[in-house]
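Have the structure open as you read.

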Amino acid sequence: MDELLAEFIAETRETYEAIAGEIVAWEKNPGDRTRLDSIFRFIHTVKGSSGFLDLPRLQKLSHEAESALSEVRAGEREAAPALVTAILAVIDRISAIVAELENGKSDDDADDADLFAMLEQRSGVAEPGARTEPAATPVAPSQPVRTIRVPVELLDQLMNGVSDLVLSRNELSRQLRRIPGDAALTAAFDKISHSVTEMRDAISWTRMQRIENLFTPLPRLVRDLSSKLDKSVSLQLVGSDVELDRELIEMLRDPLVHIVRNALDHGIESKADRIAAGKNPKGVLRVSARQSGNRILVEIFDDGAGVAGEKLVEKAVGQGILTADEAAALNEEQRLALIFEPGLSTAIEVSAVSGRGVGMDIVRANVERVGGSVEIRSEAGKSSTIILQLPLTLTIIPALIAGIGNRGYAIPRQPIDRIVSLAKGQARIERIGGAIIALVDGRRMPAIDLVQLLSGEDADCDKAFVVTLKLGKDQRYALILSSVFQHEDLVAKPVAPVIAAAGIYAGAALPDSGTPLLLLDPVAIAERAGLRLSDVHNDQIGDEFRASGDEAKHVKRLLVFDDLDGVRRALPMDVVEHIDQVSSDAIIDRGGKPHVMSQGAALPLEAVGELPDSGQIKLLRLHDGATSLCYAISGEADVLDLADEIRPAPRADRIAGFAVAHGHTIEVIDAHALFAGFADAELLPHGTDRPKARLAGGDERWRRDFLAPLVESAGYEAVFDDAAGDADVTLDLGASEPGAGDVINLSPIQSPRDGRIYRYDRDAIYEALRAQFLKRGQTG
Amino acid sequence: MTQSYILAETGSVTFALSADKVAAVASVGEITPVPLADSHVAGIAAIRSQVITVIDVGLALGEATSAAQAEPSLIVVEIDGHSYGLAVDDIHDVIEIENEPRSLGAPFSEQWRQIALGVLDIDGKAVIAVDPAAIVQS
């Protein structure tokens with residue numbers, strides 16, 4: 001069931017139960033104003049919510065009752081017994097409809113005329129028994145999703161408690177490792193450890209909500225507004241499954257509505273103007289969300305007329321916000337940024353929608369209040385994009401603890417690509433023209449000397465470490481650190497404004513050492529250091545300083561786990577992206593091999609034993625920098641810092657060697673052999689580097705709802721914009737004759753003869769896509 | 001109506017802070033510095049498993065630093081959901097006084113102008129009452 005609807009049902013039922021007493025009291029004493037008011041509030045709330053949720057029957061019903069009650073409240077009508085009876089009947093009917101909704105029935109157009117007639121009845125006596133029975137006695141409820149509402153403070157408190165618990169658990173685990181293993185003790189600890197992890201995950205999720213929640217009202221808003229403005233707009237929502245902190249979602253609600261309204265009102269042109277400009281008369285509004293590093297990016301794109309920087313400047317000068325001289329000195333970026341100045345928003349605040357007008361300055365203030373940022377890009381006559389960057393604070397962040405100078409700092413683990421040591425000659429640092437360039441893995445990239453930045457002394461380049469951060473495809477930069485300590489899960493809290501003003505901190509945390517740690521914000525540091533991230537491109541330029549592939553003997557940090565066949569095995573920590581838990585339903589069969597559905601893509605799954613048929617399956621998500629696969633495990637995973645060397649295995653299949661820990665021998669899996677076990681065709685590109693497949697021709701809904709999931713499961717990102725020239729492959733259902741090159745032609749006819757593929761031939765489409773995929777890999 | 005104030009001392013000055021706004025008085029061991037923040041931000045420290053921002057009141061007032069000593073005394077205040085520790089040289093007693101801070105139209109020096117709420121009469125001596133939020137922002 002729709003989450004919003006479920007919430008509405010729960011809320012209405014709760015209030016209905018709560019005011020049941022009021023109803024009885026009001027029935028006895030219709031003159032009681034307090035009772036009348038609470039009943040009025042109830043009906044008013046139902047009216048508001050049902051309008052929002054598009055439940056016309058409830059809306060009509062509550063509207064009529066509200067009107068009648070308004071008259072009573074205004075003293076224009078007497079609370080005659082007949083009216084009281086009618087109102088009570090309406091409330092009963094509302095409750096009955098809500099019960100039906102809960103059982104999955106729709107808010108259908110059943111007849112409520114009987115009640116409307118009762119409400120209309122201006123005089124007359126109360127007819128005992130006229131109170132209608134609920135329209136339908138709810139049948140045994142089909143296990144409704146029960147929800148309660150909880151103050152966020154309570155969740156925070158729980159979260160803090162669990163965080164402390166996690167920290168104590170980590171400390172205990174460290175202590176336990178020091179004493180000789182006692183099997184019973186270890187087993188008991190593992191049990192507790194497992195529960196703590198599960199509890200932490202569950203509580204973290206209570207704060208998280210899919211951004212879908214924020215997107216839900218948009219289709220309606222766009223439909224209503226575009227018909228009002230007589231514009232034709234196609235709304236695309238991308239990344240609905242990105243999860244965001246509840247509070248951030250609430251904070252974003254009004255700004256997003258405002259931005260979307262603005263885009264429709266001022267961005268997208270009228271049909272006539274669009275045709276005159278040679279554009280598709282139907283405008284595109286795309287709202288997308290994705291996670292990038294330790295931030296969530298929400299982009300609102302429209303292919304409208306763009307924002308005119310000169311007009312903003314004119315207005316700003318006119319209103320005395322800028323002097324003419326100041327205005328002349330602005331570059332295009334700064335001109336566009338004027339849109340966020342108070343009083344300069346070009347929006348018309350009177351609106352058909354919620355009526356709550358917030359200007360772009362309020363949008364910026366709201367976003368910055370939670371440590372985010374907002375920027376605007378625009379191409380005159382073509383498009384404008386507003387990008388909201390939001391932090392991921394208040395959650396547990398896996399971090400790398402690094403030494404800079406003589407202090408420890410935390411760096412979010414997520415964007416970190418490689419950690420290499422200059423002492424071991426794994427990278428080279430060059431200082432040219434006042435800038436620092438690092439050569440790591442055969443790539444040149446800009447580097448920032450964090451030691452210099454934070455302690456004022458230059459890094460000792462003979463001993464320092466280089467961490468490379470990957471923000472996007474071929475977008476890497478490096479940070480130079482004094483030392484690298486360990487990985488740790490941190491509960492990061494926002495820093496005070498006086499510290500945030502320094503512009504390089506994402507939060508602060510208190511690890512179990514008791515000394516507070518500052519969490520660095522790599523993106524902000526790059527910006528502060530003057531790196532133009534949009535210009536950073538670092539393709540591989542050579543083999544120098546490339547990872548040798550013979551890493552096993554350097555690996556000291558292992559992830560140890562119980563494998564499906566009961567054997568204790570380990571993988572190098574660097575190979576493990578994260579540990580996942582999926583329901584067994586997410587395992588699908590593709591080409592006779594198990595795959596896991598994850599974020600719309602099917603990842604190949606390695607399982608050395610029988611997968612459970614039901615319940616939850618624990619997975620390790622592995623990556624080799626370019627591709628990902630999943631590895632199913634059965635038990636608790638643990639990080640092991642290995643003091644000894646890994647003893648190489650004599651030509652054992654897929655086992656790189658053995659490690660000894662706590663007196664047990666652990667098989668260390670050979671990651672190279674593991675990845676080699678999959679044909680290229682099966683591996684999907686890792687992370688966001690997915691090639692684009694343009695879907696063209698035929699019915700748009702079919703492309704979006706039928707074709708896109710298949711395309712995405714083959715490892716592509718589906719794009720629909722006809723103008724997208726940079727697509728890696730095109731699937732075309734409309735072309736009159738088969739095209740050549742990177743085009744897969746689809747046919748609506750079963751067994752077509754012209755080289756096209758029947759549009760429901762899943763296997764053939766999948767195969768063709770994979771073939772293109774491989775071709776791309778070989779040429780690119 | 002009587003009001004409670006905490007009297008604190010930094011460098012040569014004694015000032016008063018409304019006790020309503022004070023969450024605790026504590027001392028901390030180690031303060032972790034925060035590079036690139038304003039100079040009056042002494043760093044962050046942990047008090048009762050909570051990270052607080054330590055403000056060097058001496059520097060904020062344009063006097064000598066008051067966070068240099070081994071275990072500075074902190075007046076813990078909460079402003080806009082964040083906890084701050086105001087590091088001072090010494091914290092005296094909490095006193096109850098009857099009068100309200102009065103501006104007296106005195107031309108305070110620039111450092112004080114932002115943070116002074118007015119002058120209190122304490123045992124016949126004039127003492128400046130300060131606004132903790134202004135100290136944090138100064």
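**Helix packing and the chain contact**

α2(A) and α3(A) cross in a left-handed way (the near helix is turned anticlockwise from the far one by less than a right angle; clockwise would be right-handed). This is a predicted model, where local features need pLDDT of at least 70, side-chain atom pairs count only at pLDDT 80 or more, and totals for chains, interfaces and linings use all residues. Residues are numbered from 1 along each chain as its sequence is written, with chains lettered from A and ligands numbered from 1 in the order in which they are written.

**α2 with α3, chain A**
- Helices α2 (33-52) and α3 (56-73) pack at about 150°, axes 9 Å apart (axes are lines fitted to C-alpha atoms over the stretch in contact, and angles run from 0 to 180 degrees between N-to-C directions).
- Helices here are DSSP runs of H or I, at least four residues, and strands are E runs of at least two, numbered from the N terminus.
- On the α2(A) side you'll find A:F40 and A:I43, among others, and α3(A) brings residues including A:L58 and A:L69.

**α9 with α10, chain A**
- α9 (217-228) and α10 (246-267) of chain A pack at about 30°, with axes 11 Å apart.
- That's why α9(A) and α10(A) count as roughly parallel (angles under 35 degrees).
- α9(A) passes α10(A) in a right-handed crossing.

**Chain B against chain A**
- 17 residues of chain B are in contact with 16 of chain A (C-beta atoms, placed from the backbone, within 7 Å).
- β4(B) gives the most to this side of chain B, with 4 residues.

Note on methods: Contact = placed C-beta atoms within 7 Å. Parallel < 35°, antiparallel > 145°, perpendicular 65-115°, else oblique.
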